[in-house]
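Please read them with the structure open.

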Amino acid sequence: MYPRFRRSLLASLVALSVTVGPSVAAADGEGAGFSGNRLWSNQLKDYAVQSLNNQDAMSMAAIPLNGPGINQYINADALMSPGSIMKLVTTFAALEVLGPNHHWDTDFLTDGVMAGDTLKGNLYVRFGGDPKLTIERLWTTLGELRSMGITRIEGDLILDGTYFEVDGGFPAFEDNGNNPHAPFLVEPSAYLTNLNLMHFQVRADERGTQAWSTPSLGEVVIDNRVVATAEGPCPSRRNFEWEPIVHEDQRVTVRVTGELPQGCRTTSYLSLLPHEQYSASLIRSLLADLGVVVSGGDLNGVTPEDARLVMKTTSPDLVTMVRDINKWSSNVMARQLLLTIGAENRLEDENDDRVAGIRVIYDWLEDKGINTAGMVIDNGAGLTRHGRITARQGAQILEHAWNSAYSADLMASMPIIAMDGTMARRLRNTGMDGEGRIKTGYLENVRSIAGFTRDSNNTTWAVVGMVNNDPAWNGQAVLDRILYSLHFRPPTGTAISHAASGISETTIQ
C-alpha cells in the first residue's frame, strides 16, 4: 500500500473510532442503545456511499458469536459477486462432507513384469484428483522405482484421468489481465500435477545472465534476452516481459526481455502446457533425472483391472489442503476440491462432477436451514463473473462454521489480520495484528471479506462484507473500516427495553 494512501486510511479509521462508539457506554436513558447502533451502521453506510459514490455498492453483515453485540446489516439481502470468499463455502463443506482426514491417492501400476533392471510393460499413473501433487512428492515416489533397481521401462507411460467426470469443460472466466498463462487461471483436472506451473528464473552476475525453469521440460525452451547491467537496486518483476510463443508441434518458446543488475534475479510463474502433456513430461523428466529411461511414448488411457500396484503417493490430509486454499486463495485447488466433492458423491445419472459438487453443497446448506435462494456457486473458487451470495447468507454460514466440530480447522486456514496470507499487509499499524481471521476476495470491480474478528471486549464476530462497484479499487478501505470499527467500537448497545417484539438487530437498506 502506498504510504500516502495508508496515512489517509489510518486517519479515516481513527476518525471513525471517535464518531462510532459503543452505545452502552454512551447510553443515557431508555432506547439509547438502539439509537447508538443505528449510528454505527449509518456511519459505515455514509462512508461507503461517500467512498464508492453508490448507494448499493456495499453489503455487510456482522453477527456477535460469543458475547454482547447487536447484529448489523447493510444491504444484507442484495445478491453480490463475492470473489474468493466463496472458497470458505467450498472448504467448510469439504470438511463436513469429505471429513478432515480425507486424502487423495495417486497410484503407479504396471501390466508387465520386472526382470533384472527392466520393467517389461507399461507404467500406468492412476490419478485420484489430488489438488497438490507436487514435484517433490513425485520425485520421492518415482525414486522408489530406482531404489528397486529399475533403470529402464520397456513400454509406454500411460496416464489415467478417469477419476473425474466432466461434461463439456468448465465455464469460461472473462479475464481482464490479457494473460492466459497466469497461475490463477489454471483449470482443475484429474491430471493436475505441481499446479501445472513452471517457475522461471533469471539471474545476473559477472558472466551475464542465466535463465532456467523448474521443472525443466523438453517441450519448453527459454529465449533469454535479459541484459546484465552494473550492480544496483534490483528491479520489480513488472520490469520484465515474458512472452510465450506456442509452436505448431505444441512446444513453447518463452522469450524474456529486460535489464537486470548483477547480483539480482527475477522470477515468473507461468502455466504453458495442457495438463496431460505437462504431467507426462514432468514424470518422464523426473524419471530421467533418476536414471530411469522410458522407451515408449506418452498416452492417456484406462488402467487395466489386473494391473499390479508398484508404488503410490498419498496427499496430506484435507485440513492441510484447506489451509493452502484459504491462506493463499488458490483457485485451482478450490476448484479441484469442488470436483472431489462431486466425484465422491456422484449419483448414477450424473456425468459432471462440478455440477454434482454444487448439488451436494446446496443440499448440505439447506440441511443447515440456510436459504440458498439466488446463491450461485459456479466453480467453488469465486473465480467467476456469475457467482452470487448475500452477506446475510455468508454470515449464517459462518455462524454454522463457528459451531461446527471442524471450526478450528477452518479458522486456522484463514489469513490472520496484518500477519499472513492475503491479509499480511492489511490493517498494519492499527493495533489489530492477529485480531481476526479473514478470507479476502479480489476481482475486477469486486472486493470482499469474510471471516471472524474479535472486538475489544473479546467478543468474536462473524463478518461478511462485499463491494461491487465500477471501479472498486477503494472498496478495500471500506471493508477494512468495517473490521476496524467492529474491533475498536463494536455495536454492543441494548435494544429498546419496552418494545413488544424486542429488537436484536440493526438493518440499513
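1. Basis. This is a predicted model, in which local features need pLDDT of at least 70 and side-chain atom pairs count only at pLDDT 80 or more, while totals for chains, interfaces and linings use all residues. Residues are numbered from 1 along each chain as its sequence is written, and side-chain values use heavy atoms, with hydrogens and water left out.

2. Main core. The largest nonpolar core has 52 residues. (A nonpolar core is a set of buried Ala, Val, Leu, Ile, Met, Phe, Trp, Tyr and Cys residues joined through side-chain atoms within 4.5 Å; buried means under 20% relative accessible area, exposed over 50%, partly exposed in between, with a 1.4 Å probe and protein chains only.) Helix H4 (residues 86-97) gives the largest share, seven residues. (Helices, H or I of at least four residues, and strands, E of at least two, are DSSP runs numbered from the N terminus.) Leu318, Ile361, Leu365, Ile397, Phe452 and Val464 have the most contacts inside this core.

3. Leu365. Beyond its neighbours within four places in sequence, Leu365 is in contact (heavy atoms within 4.5 Å) with Val89, Ile370, Thr372, Met375 and Ile397.

4. Sheet. Three strands form an open, mixed sheet in the order S11-S13-S12. (Two strands pair if DSSP finds at least two bridges between them.) Strands S11 (220-229) and S12 (241-246) each have a single partner strand, so one side of each is left without a neighbour in the sheet. S11 and S13 (residues 252-261) pair in the parallel sense over ten bridges. Asp223 stands opposite Arg255 in S13.

5. Aromatic pairs. There are six. (Rings of Phe, Tyr and Trp, the last by its six-membered ring, pair if their centres lie within 6.5 Å; planes under 30 degrees apart count as stacked, over 60 as edge-to-face, the rest as tilted.) Tyr163 and Phe164 are tilted, because their planes stand at 50°, with centres 5.0 Å apart. Phe164 is buried, at 8% relative accessibility.

6. Tyr484 and Phe488. This pair is also tilted, with centres 4.6 Å apart and planes at 40°. The two residues are four apart in helix H12 (residues 475-488), so about one helical turn separates them. Tyr484 is buried at 9%; Phe488 is partly exposed at 27%.

7. Charges over rings. The charged end of Arg392 sits over the ring of Tyr73, 4.2 Å from its centre. (The test: NZ of Lys or CZ of Arg within 6 Å of the ring centre and within 35 degrees of the ring normal.) Arg481 lies over the face of Tyr47, at 3.5 Å from the ring centre.
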